[in-house]
Amino acid sequence: MIRWSLTKSTPVAETPRSWIFKVEQNGRNLAALKILKPVVAEEEGRGSRLLQWYGGDGAATVFDIHESTIFMEWLDGGTLGDPVRAGRDDEGTIAIATVVAKLHQPRDPAPADLQPLRERFQPLFDTDVRAWPHTARDLYARASGIALRLFDRPTAQIPLHGDLHHDNIHSSDRGWLAIDPKGVLGDPSYDLANVFINPLRANNMAADPHRIASRADILSQRLDYPRKRLLGWAAAHAALSACWDLADGQPITGILAVLPNLLSAYDQA
């Protein structure tokens, strides 16, 4: 509080990864304090430094970081998931493309401690296929094969948000802004992968082949990223997310509704 001349602090949320406070600076300016929990300090700290590196361009502004505490812009608008769940998916996809175009602009120097994308995918390759439901093991095999082919054909390596989806993008008076990056280094197309299995509580939309095709078309056209590569990363990431969920004892029903259609779209691209 003293370090940043904060005059009021109100607890807002506690997540498995952090505590969030709304604060006032000098009795008038609203901001946020995010205090990282020790168990995730390395990953979340890496993401916070990437968020600071974005400089507020397409992302929430980080004013300062001190140890495990991030002093940043307060965003009280809704998430992009809200209009998309209300049926405005194309509008949401266009907004995501606009945000990503800003995040992917070259900036020097790049953060030094980003996680290589290949390392992030290691849980996919390490998973025992028998952990998957018997009827879905062919999906795991196909998605893993696509991931390996993508890594065998590398493209430019840039800083990536790593967890970009509708509910990690908030409205503000500056437009749509991303929050909570993971801090990854890899193929630019990967940053769109999570879009295809989101937003939360909208599995039917994500699994719709027409929605998959429309999302791929919009993102490819607006960002000039190869459509097939976007769909390949989407399928590979869906399988990786399923492996994370299985390791945590969580159901993968939602992902299994989406993955076959992502693989089909990839095959047809």
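Me: Is His161 buried or exposed, and what is its relative accessible area?

Reply: This is a predicted model. In it, His161 is found in the loop between E7 and strand E8 (169-170). A residue counts as buried under 20% relative accessible area. His161 is therefore buried, with a relative accessible area of 0%.

Me: Which residues does His161 touch, not counting residues up to four places away in sequence?

Reply: With residues up to four places away in sequence left out, the contacts of His161 include Leu50, Tyr54 and Leu103. Asn168 and Asp191 are also among them.

Me: What is the order of strands in the open sheet of three strands?

Reply: The edge strands are strand E6 (115-116) and strand E7 (158-160), and each pairs on one side only. The pairing in this open sheet is mixed. The order is E6-E10-E7.

Me: Which residue in E10 stands opposite Pro116?

Reply: E6 and strand E10 (residues 184-186) run parallel and are joined by two bridges. In E10, the residue opposite Pro116 is Leu185.

Me: How many bridges pair strand E1 with E2?

Reply: A hairpin of three residues leads from E1 to E2. Leu6 stands opposite Gln25 in E2. Strand E1 (residues 6-14) pairs with E2 in the antiparallel sense, and the number of bridges is seven.

Me: Which residue takes a positive phi in the hairpin of E2 and E3?

Reply: Strand E2 (residues 18-25) and strand E3 (residues 29-36) are antiparallel, with eight bridges. Lys22 has Ala32 in E3 as its bridge partner. Three residues lie between the strands of this hairpin, and the one with a positive phi, near 55 degrees, is Asn26.

Me: What is the orientation of H6 and H10 to each other?

Reply: Helix H6 (residues 137-152) packs against helix H10 (residues 253-268) with the axes 11 Å apart and at an angle of about 50 degrees. Angles under 35 degrees count as roughly parallel, and 65 to 115 as roughly perpendicular. The two helices H6 and H10 are therefore oblique.

Me: How many charged residues are in the contact of H6 with H10?

Reply: From H6 the contact takes Leu139, Arg142, Ala143, Ile146 and Arg149, and from H10 it takes Leu256, Leu259, Pro260, Leu263, Tyr266 and Asp267. Eight of the contact residues are nonpolar and none is polar, and the number of charged ones is three.

Me: What is the handedness of the crossing of H3 with H8?

Reply: Helix H3 (residues 89-103) and helix H8 (residues 209-223) cross at roughly 35 degrees, and their axes come within 9 Å. The crossing of H6 and H10 is left-handed. For H3 passing H8, the crossing is right-handed.

Me: How many polar residues are in the contact of H3 with H8?

Reply: H3 contributes Asp89, Asp90, Thr93, Ile94, Ile96, Ala97, Val100 and Ala101. H8 contributes Arg211, Ser214, Arg215, Ile218, Leu219, Arg222 and Leu223. Eight residues in this contact are nonpolar and five are charged, while the number of polar ones is two.

Conventions: Residues numbered from 1 in each chain as written. Predicted model: local features only at pLDDT ≥ 70, side-chain atom pairs only at ≥ 80, totals over all residues. Heavy atoms only, no water. Axes fitted to C-alpha atoms, helices over the stretch in contact; angles between N-to-C directions. Helix = DSSP H or I, 4+ residues; strand = E, 2+ residues; numbered from the N terminus. Parallel < 35°, antiparallel > 145°, perpendicular 65-115°, else oblique. Left-handed = near helix turned anticlockwise from the far one by under 90°. Contact = heavy atoms within 4.5 Å. Nonpolar A, V, L, I, M, F, W, Y, C, P; charged D, E, K, R; others polar. Pairing = 2+ DSSP bridges. Buried < 20%, exposed > 50% of the residue type's maximum accessible area, 1.4 Å probe, protein only.
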